Amino acid sequence: MEIDHFSHEHRLVLKEEEHKHGIGDDDGGDIQTFRRCNGCLDPISSSLLGGVYYSCVNNECEFFLHKLCAELPSEINHPLHPEHKLFLFEKRSCVCDGCNCSWGNFTYNCYKCDFDLDIICATLAERKIDHKSHIHPLIRFPSPQLTNCHACGTEHKGIFYQCPTCFLFIIHEDCLSLPTTVKHSHHEDHPLTLAYSLPSQYLTFWNYCDICTKDLESPYWVYYCAICRFCAHVNCATSKIEPFMSIFLPRRTSKVTLEEVEDSGSSDAIHFPVVDQSVTLISYILKGTNIVTEDETANQVFNHFSHDHPLILEVQDSDSESSSKRKLCLMNDTRVDETICDACVRPIFASPFYRCADQCNFFLHKCCAELPTKIDQHPSHPEHSLVLLPKSPTFFNLFKCRGCDLYCNGFSYTCTSCDFYLDVQCGSLPNTIKHEGHHPNHVLSLRTKISNRCNACYGVFRNRPILAYGCNSCDFVLESRCALLSHKVRHRYDEHPFTLTYNPVKYHSDEYYCDLCEVALNPKKWFYHCIDCDRSIHIKCLRPFYGSANIKYGRTLKIKSHQHPLALAPVIHRDTKLNNSFRAITEDSRCDGCRVPFFYGETFGFRSVECNFSLCYRSAKRCNYKEVTN
């Protein structure tokens, strides 16, 4: 259909707007080409005014008119000026008497009274639109506004549409014109679909934008991929930011070039994660930092300052039965027959290691026996040197590590004048690392002051003495214990290894549940997953994340108020099935000293070896006690 219009020299042809799906298009175009009407200056859009418009048959003119604007009558009667008729003019510089705004395009004018109405104010009743995001028609504000948009959640200055029924539902014209699907370089596998609120599967957990990493809020529109559970703010999904440009994302104050990102500290950075839990982390770290090296002539028998008896070096062939048994030790098991290093309080999965010649349940990894006895200017306590102590001068040698915020009864790097303690694993952390879960060219540096959340577990660092790794180029942050997680772990519930997974599994349409605690699992956090059996585990449900993971059990104490010795024991969930007869404390039991249930934050306590009497740490500390065994 073609028409002649008084405002243009060529004929106009009727067309219907088509979307151009943007970032990633071969033509490199924008998300959408926002043609504007030459009559009212509003965008030509498929969602505004029906998306039907007239265009000049000569494409070089780039002249467009909404169908509504092109078919306006040449004269009207209007309630704002009932005395006279108003006549349509093509170009008229004026101040609209309806909205009091300057105007210079199609205008209705009364030449007798010098009364002007821009065509937007003159046709507000006809400019109602229906949009999929809302059940009621939306009407246009007659003049530009400065307000927050209900769609994207950000403040705009410009043309808004409002629901006269709901009143608070206000949307900027650009958001009303958003395409239903877009492509983005951060997610090239599938297109992203526009949703008018956060999809229900995302409401169970706190969620963040996968492009800018800031929070996603449920009332606002998002672009998402249901296959990969990728989700992004509409403003982020319709931007042209490329992956390498993440170094310029918000909250960064200094500019960093791509060359600096690739070169800065990368040669000294240690790569994580380690292959599996059989790798001794301290050995891996110290070899990577050249603090210790392989010593083929290690002493077979030697005296260590931490123990009264001689220590024997245990060296076994990797195929021997006892070595294989240790390597197959499984995560999340509370065992009394497990060989635990008295320094780092981690299982000994493989030789070489030292054991006490008198069989007194004292063991050391070979690397732990060779730890430096002093650390100068550690990032967490640069004021004083830290000295290696086999037993901290605290109750039952239990101290709270200032690096991971967990209790430990192993060796410690200590500043006694400041009452400062680090377990040996936190004390041995490298200054820089690279991690498979982050950009391969970005280096993570050890830090003590972090304001962001951990990108692996979503842990908040505020007011917590936690060592963490922060990216030198963007806002990516890892708690130190998240950075040290193994790539693969095994568990007795599955014959296959579980792999550390950084993103939701593709084409996993069902909800995720942890096979250990049977609680819903957030797939946007790091988790362990068996692809063969489609089973998942929270990283917090594995042993390194237990609050008592750094404690070696078995030692006992005797108090005057009870006849039986009390053994140091973990607090566990009441449904946990142990593969031995270890007398753990269930979280629903009460301390016989203060009568407070153990699930109020306690992760370990003391339990009688012969009856059900138990004490929490605070109650035991107040008792007159005597340590019985080591």
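I take a polar contact as a pair of N or O atoms within 3.5 Å; within protein, one must be able to donate a hydrogen and the other to accept it, and residues adjacent in sequence count only if both atoms are side-chain atoms.

**Entry: H442.** By that rule I found the side chains of H442 and H438 in polar contact, at 3.3 Å. H442 sits in the loop between β31 (432–435) and β32 (444–447). I count H442 as buried because its relative accessibility is 4%; buried means under 20% relative accessible area, exposed over 50%, and partly exposed in between (1.4 Å probe, protein chains only).

**Entry: source.** The model is predicted, so I note that local features need pLDDT of at least 70 and side-chain atom pairs count only at pLDDT 80 or more, while totals for chains, interfaces and linings use all residues. Residues are numbered from 1 along each chain as its sequence is written, and side-chain values use heavy atoms, with hydrogens and water left out.

**Entry: whole chain.** I looked up the secondary structure: the protein chain has 11 helices and 44 strands. These are DSSP runs numbered from the N terminus, helices being H or I with at least four residues and strands E with at least two. Of the 630 residues in the protein chain, 50% are buried. The chain exposes about 30400 Å², and carbon and sulfur atoms supply 49% of that area; the areas come from the Shrake-Rupley method with a 1.4 Å probe, and for residues only the protein chains shown count as cover. Among contacts (heavy atoms within 4.5 Å) with a separation of 6 or more, 56% join residues 24 or more positions apart.

**Entry: cores.** A nonpolar core is a set of buried Ala, Val, Leu, Ile, Met, Phe, Trp, Tyr and Cys residues joined through side-chain atoms within 4.5 Å. Which residues have the most contacts inside the largest core? They are L364, L478 and Y528, in a core of 81 residues. Helix α6 (residues 281–288) gives the largest share of this core, four residues. A second, separate core has 38 residues, including L198, C212, W221 and A232. I then listed partners of L364: leaving out residues up to four places away in sequence, L364 touches H304, S306, L311, C341, D342, A343, I348, F353, Y354, A369 and F411. As background, nonpolar side chains tend to be buried together in soluble globular proteins.

**Entry: cysteines.** I searched the whole structure for disulfides (a pair of cysteine sulfur atoms within 2.5 Å) and found zero. C471 is in no disulfide, and its nearest cysteine sulfur, that of C474, is 3.5 Å away. At 2% relative accessibility C471 is buried, and C514 is buried at 2% as well.

**Entry: salt bridges.** The rule is a side-chain nitrogen of Lys or Arg within 4 Å of a carboxyl oxygen of Asp or Glu, and I count 16 of them. Side chains of opposite charge can pair when their charged atoms come close.

- D210 and K524 form a salt bridge, with the closest N and O atoms 3.0 Å apart. The pair links distant parts of the chain, 314 residues apart: D210 in the loop between β17 (187–195) and β18 (222–225), K524 in the loop between β36 (494–501) and β37 (527–530). D210 and K524 are buried.
- E2 and R11 meet at 3.0 Å, N to O. E2 is partly exposed at 43% relative accessible area, and R11 is partly exposed at 35%. E2, D4 and R11 are linked in a network of salt bridges.
- D405 and K400 meet at 3.9 Å, N to O. D405 is partly exposed at 24%, as is K400 at 39%.
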